[in-house]
Amino acid sequence: MVGREALRMILNRLEFVLMNNPIRAALQRHVEARRFLRMGGPLPGARALEIGCGRGVGAELILDVFGAAAVDAFDVDPRMVAIAQRRLGSRRPRVRLWVGDAAAMNAPDAAYDAVFDFGIIHHVPNWRGVLVEVHRVLRPGGVFYAEEPLGGLLNHPLMHRLFAHPVEDRFDAADFRSALRASVLIPLREEHLWQTMFCFVATKPVAAQGAAPNGGPATPLSNSGVTEGPPSVS
């Protein structure tokens, strides 16, 4: 069950077309997933959650590229969940899908080794609440992989005319970094892509100082962790 605010986030006609085409799938597979893998590493045997599953491409990548053992995924749009269910039918029971709200996740506390955001959080008016929920559902030491467009792109007048994105409290990378920390998530790596998008890998601390996903000490993000440009992974 999703609330009225969540229902407002359902894709308009143009967004639905853009999210269901081979170009979007290729970007997710060859740019976003490879960058995430380079920044945060694989997840062999992990249980992962994907925010906003779309038509199921992300769940496939989490299994096939990152090596997760199981993926739970949800989307606010029932049409997208139906498409993902058809696409991923052969993956059951390793994949579970449902209609849900990112700001009020239907998932237990500390249930996941990783949470993935393939460009979904900017669709949510209460995006800061999503980060609080990410912290809640991650296990201590768990990893959060997030890719989002920069606020300058989202706030362009043409974007407001074409897409049904929220217009209040939009964020850039600095806002997102601060909100991660406010949600008690430690940013580990940050990279910018073509001055239009940014990627973060963050972790939920194990203790007061936190811990890296591999069990070593967590290293908070510094300026040296910020890079820009196309991915270097071939």
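**Notebook: aromatic pairs and salt bridges**

I counted the ring pairs and found 15 aromatic pairs in the structure. The model is a predicted one.

I looked up Phe171 and Phe176, which form a tilted aromatic pair with 5.4 Å between the centres and 45° between the planes. I checked burial next. Phe171 has a relative accessible area of 0% and is buried. Phe176 also comes out as buried, at 0% relative accessibility.

Phe176 pairs with Phe198 as well, and this pair is tilted, at 5.3 Å centre to centre and 55° between the planes. I noted the elements: Phe176 sits in helix α9 (residues 173-182) and Phe198 in strand β7 (residues 197-203), and the pair links distant parts of the chain, 22 residues apart. Phe176 and Phe198 are both buried.

Elsewhere I noted a cluster in which ring pairs link Phe36, Phe66, Phe116, Phe118 and Tyr145.

**Salt bridges**

I then turned to the charged side chains and counted 13 salt bridges.

The one between Asp72 and Arg47 has an N to O distance of 3.1 Å. Arg47 is partly exposed, at 27% relative accessibility.

Next I took Arg87 and Glu60, whose salt bridge has its closest N and O atoms 3.1 Å apart. This pair also links distant parts of the chain, with Arg87 in helix α5 (residues 78-87) and Glu60 in helix α4 (residues 57-64), 27 residues apart. I have Arg87 down as partly exposed, at 32% relative accessibility. Glu60 has a relative accessible area of 12%; buried means under 20%, so Glu60 counts as buried.

For Asp77 and Arg79 I read a salt bridge with 2.6 Å from N to O. Asp77 is buried, at 2% relative accessibility. Arg79, at 37% relative accessibility, is partly exposed.

My last entry is a network: Arg35, Arg38, Arg189 and Glu191 are joined by salt bridges that share partners.

Technical notes
Residues numbered from 1 in each chain as written. Predicted model: local features only at pLDDT ≥ 70, side-chain atom pairs only at ≥ 80, totals over all residues. Heavy atoms only, no water. Phe/Tyr/Trp six-rings, centres within 6.5 Å; stacked < 30°, edge-to-face > 60°. Buried < 20%, exposed > 50% of the residue type's maximum accessible area, 1.4 Å probe, protein only. Helix = DSSP H or I, 4+ residues; strand = E, 2+ residues; numbered from the N terminus. Salt bridge = Lys/Arg side-chain N within 4 Å of Asp/Glu carboxyl O.
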